[in-house]
Every structure is written in structure tokens, then in C-alpha cells.
Amino acid sequence: MWPRWRSAGNTAVASSPAALLILVVIGLFSVSGITFIKLIGMALLIAVLVDATIVRALLIPATMRPLGNANWWAPAPLRRFYLRHGLHESGGPRATSDRGPIPAQTPVG
């Protein structure tokens, strides 16, 4: 069982509050009295809105499900860096292989 934060459905939950905060801040640019700042504000507002809805809420979960364990694959240099510096995701045994992702040792929840 993967930890709860690794499931495909939770990616939109984590990014939505951040996107909402950015939308509010950037949205305030559009009430500026300077036309160029209004233009930039509206363009960024649309870009963040598309990113938050289409990309993060639809595309990322839709691609995470078919990719499965490949989502958590680390390139060999990065994995060696983790092993050299003792970085690992859980308190369980450290990863010792360059042969693909290592699933979580203990189920969550």
C-alpha cells in the first residue's frame, strides 16, 4: 500500500489551496490603474486557472494512474545521491538497489 500522499486522487487536493491563493494575489493585479499591469494580471490569472484546473486536477491524476510505480522512479545519479547521503522517504530500511522504485515498507491508514 502506498502512503496516502502518493495516491493519484490527492494531487488536486494539495495544489488547490495554493492555486487559490495565487489566483487572489494575481487577480489583484487586474484592478490596477496601469493598463500593462492589468494585462499581465489577466494573462497570469488565466494561466494559473488553466494550470490549477486542467493540468493539476485532471491531467496529473489521469497520468499517475496508468504510470503506477514509474511515477516514483529516480534516475541512477539521483538514487546514488540519496544512498550516499542517507536520504530515504521512510524510517524503514534504506534503498540499496538501482533497479527501480522501492515500495513503502508500512501501509498508511
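Which residues does Phe-29 touch, not counting residues up to four places away in sequence? They are Ile-37, Lys-38 and Gly-41, where contact means heavy atoms within 4.5 Å.

## About the model

Welcome to this structure, which is a predicted model: local features need pLDDT of at least 70, side-chain atom pairs count only at pLDDT 80 or more, and totals for chains, interfaces and linings use all residues. Residues are numbered from 1 along each chain as its sequence is written, and side-chain values use heavy atoms, with hydrogens and water left out.

## The chain as a whole

Three helices and zero strands are found in the chain, and the order from the N terminus on is α-α-α. Helices (H or I, at least four residues) and strands (E, at least two) are DSSP runs, numbered from the N terminus.

Of the 109 residues in the chain, 17% are buried. Buried means under 20% relative accessible area, exposed means over 50%, and partly exposed lies in between (1.4 Å probe, protein chains only). The chain exposes about 7,900 Å², with carbon and sulfur atoms supplying 69% of it; accessible areas come from the Shrake-Rupley method with a 1.4 Å probe, and for residues, only the protein chains shown count as cover. Among contacts with a separation of 6 or more, 50% come from residues 24 or more positions apart.

## The loop between H1 and H2

Let us return to Phe-29, which sits in the loop between H1 and H2. Phe-29 counts as partly exposed because its relative accessible area is 37%.

Ser-32 belongs to the loop between helix H1 (11-27) and helix H2 (35-67). With a relative accessible area of 19%, Ser-32 counts as buried. Its side chain reaches the backbone nitrogen of Ile-34 at 3.1 Å. This is a polar contact, a pair of N or O atoms within 3.5 Å; within protein, one must be able to donate a hydrogen and the other to accept it, and residues adjacent in sequence count only if both atoms are side-chain atoms. Leaving aside neighbours within four places in sequence, Ser-32 is in contact with Ile-37 and Lys-38.

## Two side-chain pairs

Side chains of opposite charge can pair when their charged atoms come close. The whole structure has one salt bridge, in which the side chains of Arg-56 and Asp-51 meet at 2.8 Å, N to O. A salt bridge is a side-chain nitrogen of Lys or Arg within 4 Å of a carboxyl oxygen of Asp or Glu. Arg-56 is partly exposed at 36%, and Asp-51 is partly exposed at 27%.

The structure also holds one aromatic pair. Phe-81 and Tyr-82 form this tilted pair, with 6.5 Å centre to centre and 55 degrees between the planes. Rings of Phe, Tyr and Trp (its six-membered ring) pair if their centres lie within 6.5 Å; planes under 30 degrees apart count as stacked, over 60 as edge-to-face and the rest as tilted. Phe-81 is partly exposed at 36% relative accessibility, and Tyr-82 is partly exposed at 35%.
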